[in-house]
Amino acid sequence: MYRYLAWTGLTAVLFLVPFYLDGFWLQTGLFAMSAAIGAIGINLLTGATGQLSMGHAFFLAVGAYAYVFFSAEPTARLGGLGLPTGLAAVLAVVVAGVAGGLFSPIAGRLKGAYLGIATFALIFGGQHVLFNAEHLTGGFNGRAVPELDLFGFSFGDTPELIVLQVPFGTLERLWFLGLALVALSMVFARGVLKGRPGRAMNTIRDHEIAAGVMGVPVARYRAGVFVLSSMYGGLAGVLLALVFQRTVPEYFGVLLSLDYLAMIVIGGLGSVGGAVLGALFVSLLPQLLTKYSDSIPLVAAPGTPGGVSPAEAARILYGAAVVTVVLFLPGGLLGLIRKIRLRPPRLRLPLSSPSPETRSPHVP
Amino acid sequence: MTTFVELLVNGISIGAVYALIALGFVVIFKATEVVNFAHASLLLAGGYLIARLWPLVGFWAALLIGVAAAALVAAAIEFLVIRRANVASHSVLAIVTIGVDIVITTELTRQIGTDVLAMGDPWGSQVVRFGGVTLAETRIVALVTAAALITAFLLAFKYTGWGVAMRAAAEDAETAALMGVRLGRVSMSAWAVAGGLAAVAALFLCVFPTPGLDRSTSLVALKAFPAAILGGLDSTTGALVGGLIIGVTESMMSGYQNDMAFLGRGIGDVAPFLVMLVILLIRPAGLFGTKELARV
Amino acid sequence: MADLAVSDLVVGYGPVRALRGVSMRVPSGSIVAVLGANGAGKSTLLRAISGTLRFHRGGCQGVVTLGGQRLTGLDAASVVGRGVVQVPEGRRVFARMTVEENLRAGGLGRTRRDYATAHDQVTELFPVLKERARQRAGLLSGGEQQMLAIGRALMAGPTTLLLDEPTLGLAPLTAARITETIKEINSLGTSVLLVEQNVAMALSLASHAYVLEVGEVVLEGTAAELRESDEVRRRYLGIGDAVEGALETRTLSRWS
Amino acid sequence: MTTAYQPDGMEPLEVRDVTVRFAGLTALDAVSFTVAPGTVHAVIGPNGAGKSTCFNVLSGVYKATSGSVRFGDAELTTLRPHRIAALGVARTFQNIALSPRLPVHDNLMLGRHRLTSSGFVSAGLRLPNARREQRRHTARVAEIAEFVGLTGKLAFPVGLLPYGVQKRVELARALCMEPRLLLLDEPVAGMNSGERQEMAELILSVRDSLGISIVLVEHDMGMVMRLADRVTVLDFGRRIADGTPAEVQADPAVIGAYLGTEGT
Amino acid sequence: MSPDRKAAVVIAALALAVSACASDKATGGAAPATATGGDGVKTGAGVTETTITLSLLTDLTGPYASLGKSVTQAQQMYFEQLNTAGGICGRTIETVVRDHGYDVQKAMAAYAEVAPRTAAIPQFIGSPMVTALKEKITADKILTLPNAWATSLLGSDAIQVTGTTYDVDMINAVDFLTKEKGLKPGDKIGHLYFEGDYGESALNGSKFASQKVGLELVEQKIKATDQDMTAQATAFKKAGVNAILVSVGPRQAASLVGVALASGLDVPFVGSNSAYSPLLLETPAAPALLKDYYVATAGAPISAPLPVYEKLIKDYEAKFPGQPLDSGVASGYTQAVIIGDTLKAACAAKDLSREGIIKAHRTQTAWDGGFGGTPQDFSVYDKPASLSTYIVKPDKAAIGGSVIFKEHAISDLAKEYQVPPPA
């Protein structure tokens, strides 16, 4: 009953937000939603399957740019297909998946740090393409993002729409789309994790050889999860593009990828809720600090001498949060919440299999 | 031809500096199985101290202090964070070093602010000419120093008690402990050595032809990642070869970018990563890395 | 005298109990054997003594003492410092290092003079290690690796040597040679705690033996007593082991 | 279902001249033996004799340097582990290889992997076929759990269970693959005599009720003598004896190598 | 969730939503309301009876932090002075500073946060950020002065690029090289430029000029993260260039000039206005920069003998002792004065609404402000406000680290040049 009330309250609050809060909050919230979708994706890969990826930002870029390319009308300078925007969004997610699939010779064979650093190449290579393939991407300045139009309903500022006397512009409309996408992403990921694929993924993480012997095609599964995680990245990219209304290559860099890793560690590895919590934390923290920099001790408003600027404070805090979580909160924020809610404590075991003799990894 | 030789020599010398960074990276991995993404911040810490201290104590003393301080910071990371992080997953340990990196780098860039800090080195912008080939003196010093440090490191690794303890611990930590090797000291010293090497690398990354150290310096450390990986994360030889490959690739691709304009300009930055991908496709554990084979 | 004593040792790996209240004693200068099947807890016992349980995420209660001084709670290197050195199961020589370097790794904590003395002793005991000094340890034969493993442990100058299945996987002749060496080491004053599956060999060496089963000492006595014990013969040779009652079988239907 | 399940697939396992070398070390040296259909075959030998290597070759974890392993019509040495699993070869691990944080039920369901088919899409969308499949296999998992004596523990995370029970989970997971050939790597190591007895009963029950072949690596001689129809003895990677338990027990080479020379 | 739960959720949500009528947002209209105050001045968003809010969107933690810091401090100082002098229309100026760290997303978030209460933006660093927000700025009608001079920023009546654009500077630079440094048709000219707007704008200019003059252009593109220009210098040397244009950051410029000179590539260099920082004179790169390096810039260097600069130097040194007086101080101050003058004009027209501010701004056809250079024409927004460029030379002794080498002039080439239409 308690749970039920909590969920009801949360849902109601989420529905109410656009009626009360201004553009800044809506935009911040929508960025957080996009981050949540992306974080769920990388948590499937890194948290649930144990595959480290530092290239997640690349797939966001693929999703964002593919959406723009598919939906935009071609001009003399910029290419485009002018497809219906809904179709373009779906195709963009598919293209992100295909991009992940093209990486599968690497994604299926490598693991751990090797995969992590190999995926760096996606970021650097990807940005190189984004900067240079100007006909597709608009180069350095990026491209304007066409408004989404679903079944005649436009997620833009026009035509004017007033709900309960509150004007509904792009952000207000996208808010509900964002909520729906996050909810769907969560439900889908839960299904995957609780079902047959999730068991295989967890076993690959916990005991790769056992997974193979039990009939799980390990390399194919690794590649498959990579593709799925890429598609989540692509969807996050599409939503981000819609909120941004412009795609710019600079944004999809190493830092964004690292942010995603920080999100899942802070939130809680391997779970859907953890990914969402971490995404909220990492994407809201800097905005809140900036907004309230005047009233937070030690943090100086930008442009005033002395003190730590909000942007720096946010980075230091979130770096410290990553370290703190790993040292003191093995379950991440999600684990902390579970503890606070006094649920029976979940099992806390080392992430590796406990069998002692498997530690030595080298050839006998 | 002259251009080619110039680019090659330049690539080798900068590659040697990358090798210093990659070597530290590999040493940490061997000793603690941690992929240290905080390496960039160690580099920045060492460089920053050298740059700030040389006006006060002179270049050589500043260099010594900078190297020592970077070593100390690294050892502190090992002692305060890595040792206490009770997680078996290497991915999580890698992510925790990202957190450490963010904290240290943010604080240092805040300190550096908007300055470009000169390193106070005695070589200035002198160049040396061999035939038609010109090479900055700093680059020769970098090459010689890197070669000397790497040689010294490899000799120490091979012949000193510390080196034997390191290798023993890297090969089989438990057995090493059974033989009386103090693993805590070994891993802390590995981090310290890596920090020191990074500080030396920072010096050479910030002297001529670069104008000095500023907040973006730590980004250069990113190039040591492909160097370390393509050589093989657990191979010191690999770090050397990887560093040189990255240095030469970068130099060649930048120098000949006009002849490769079809790849898009600015390919010099991307090329190291592409080379890395190709090598990993053929050898998933890098050129000299040990292929893992689990016991069941 | 520096007797090694284990009292009421309980060891667990997470929720899994590996030892439950084991007590035993290795009098100074003696050879004591611990017998038991795979998984009985023999290696766990040695880990608890050597302070390497943490490598396996194990924790322990109970006390291990050497000459009355606690060893429990010390890290592995400090236990070595007290003179208790283990030769691990499966030899575990540092395969990528040379024979000489392996010996060095064993004697890192010692002064130059002690090191030289120990080195002379070890090469006298195992001349082959001198011949092969520059060869990579991984390329030695099994017997040579075992000699190296023992030699490496001796470099630390142990007063008590813990041997974990030293004849494992060795040809009978080599095993006999190792057995002789253990006797020789013991005769020079080093106590030996020997963990073995090879009952005959162990009982021929030891003066006293303990039999472990599923983490508990189930039998204990002098070597002579145990040699005559039917229980040991049954358990380790499978001789005279009648089916203990009819095996009860259940059925599982086939799945279609 | 992708793989046709043949409950009475009476096929022998033939191991011929299998050799495995690692960096100069010969772990298996031209080992041959045949496992007759529906029998329990034990592979024994001192530690380091190559038993585990042998299992790893049979299950595809290691590649044989040369030689052949035939199971029915299939040549196993060229197949990857999941392909071998698809043929109905299941194994357990000497050192438990379960996911400690997942409940027993999920660990067992992993065994059904090869028999189920729902992928990312149907699991993610919870399509009816995925749910039907889940239900159907959950029922069978419960049946197997009951057979192995795990009923009531299905919801427990594996890591919290005692060692002996974890070993049974290992066996149950292998049974969940509905195997035609079962490889058991030291199934009673670390168990007390009661648990051993129980495990021995289980193994015989499996053979009798499913009629499948079982290959067993074991140290406990009593166990081997009691269970095995035939025994292969390895030492230094070589086969030194092969025969019925009684024959092997009397073989002087076995006594010399495996039990040590008595009475020195 | 069971159906009744679902229903409960929906009901709860709707019930609460209805109460949204009480929300501040329930205004019924999207456009910010304009009003007329008691003093007869029309006001809009960002302007109250007592204050005018200006937002500075800057980079204090990213790659252009040093520029951002100088610009911000100079502007804040100016607006304080303005307030001390009585403000505008009896209102005080309030500045809101937001640091985006040269990150487009953060810039967008910052803009969204401050826009509803902003009258004008006297500083917006980073052409990618301004480009990304161009449409919003235009729609919101907030007069914005970007601290970037790419041609892609032209074309919006709310956005005022001050002075010249990068391409015009480079054309004037080529003119300077041909007239004074002996560059002649058939020679080769190198151009080192950043990936992105800045570099590519500049490249447009050098392409145009070299084609007109008959020079062969040798391009080298780099990324902002590249530090060591050895390979690029080697490539220029191999090509045998007779002069080099530099449209990169100060660090890369210093590296290139240093390596080139050291390796015997002794040619003149002309940089864009962002390719120099006096901080570099403290580094080993100084001798090379002092030798044959010039900067083409629309604004006079701070060492120019102008009364307005003399006052600026005095005030700035008093307020921020020890802080460098670089081109950021000069350009930031200039932009602040432009906004100040515009607001004064708007006040005179009794219209401080956003439209009023833009209108007042666009009526200034020959703004000078005492900053040197040719007067700027703010009435057009699809071409640069000026075509004249100073050639400036680094000088250790001078305040701000540079002195005028050649007075401002509009080259004939620049007059011929047509700015490419905005994308």
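**Chain folds, chain contacts and selected residues in a predicted complex**

Read along the sequence, chain B runs α-α-α-α-β-β-α-α-α-α-α-α-α, with helices (H or I, at least four residues) and strands (E, at least two) taken as DSSP runs and numbered from the N terminus. That comes to eleven helices and two strands for chain B. The model is a predicted one, so local features need pLDDT of at least 70 and side-chain atom pairs count only at pLDDT 80 or more, while totals for chains, interfaces and linings use all residues. Residues are numbered from 1 along each chain as its sequence is written, chains are lettered from A and ligands numbered from 1 in the order in which they are written, and side-chain values use heavy atoms, with hydrogens and water left out.

As for confidence, the predictor gives the complex an ipTM of 0.85 and a pTM of 0.87. Chain E averages a pLDDT of 86, and 91% of its residues score at least 70; pLDDT is the predictor's confidence in each residue, from 0 to 100. Where pLDDT is low, the predicted coordinates should not be read in detail.

Back to chain B and its overall shape. The radius of gyration of chain B is 19 Å, which agrees with the value near 19 Å for a compact globule of 296 residues; the radius is taken over C-alpha atoms, and the globule rule is 2.2 Å times the number of residues to the power 0.38. The C-alpha trace of chain B spans about 60 × 50 × 35 Å along its principal axes. Of the 296 residues in chain B, 67% are buried (under 20% relative accessible area, with exposed meaning over 50% and partly exposed in between; 1.4 Å probe, protein chains only). Counting contacts (heavy atoms within 4.5 Å) with a separation of 6 or more, 75% of those in chain B come from residues 24 or more positions apart. Chain B exposes about 9,300 Å², and carbon and sulfur atoms supply 69% of that area (Shrake-Rupley method with a 1.4 Å probe; for residues, only the protein chains shown count as cover). There are 17 positive and 17 negative charges in chain B, and their mean positions are 5 Å apart. Here Lys and Arg count as positive and Asp and Glu as negative, with His and the chain ends not counted; each charge is placed at NZ of Lys, CZ of Arg, CG of Asp or CD of Glu.

T138(B) sits in helix α5 (residues 137-159) and is buried, with a relative accessible area of 1%. Beyond its neighbours within four places in sequence, T138(B) is in contact with several residues, including W123(B), F208(B) and P209(B). F208(B) and P209(B) are themselves joined by a cis peptide bond, with omega at about 0 degrees. P209(B) belongs to the loop between α8 (183-206) and α9 (224-231).

Chain E has 13 helices and 14 strands. Its radius of gyration is 24 Å, close to the 22 Å that the globule rule gives for 423 residues, so chain E is as compact as a globular protein of that length. The C-alpha trace of chain E spans about 80 × 60 × 40 Å along its principal axes, and 63% of its 423 residues are buried. Chain E exposes about 14,300 Å², of which carbon and sulfur atoms supply 56%. With 37 positive and 42 negative side chains in chain E, the centres of the two sets lie 2 Å apart.

Within chain E, I244(E) is part of strand β9 (residues 243-247) and is buried at 0% relative accessible area. The C-alpha atoms of I244(E) and I189(E) are separated by 5.6 Å, though the two are 55 residues apart along the chain. Leaving aside neighbours within four places in sequence, the contacts of I244(E) include G190(E), F236(E), L256(E) and V270(E).

D17(D), in strand β1 (residues 13-22), has a phi near 50 degrees, a positive value in a residue other than glycine, and D17(D) is partly exposed at 45% relative accessibility. E178(D) also has a positive phi, of about 50 degrees, although it is not a glycine. E178(D) lies in the loop between α6 (163-175) and β7 (181-185) and counts as buried at 1% relative accessibility.

Chain D and chain E have no contact, their closest C-alpha atoms lying 15 Å apart, and chain C and chain E do not touch either, with nearest C-alpha atoms 35 Å apart.
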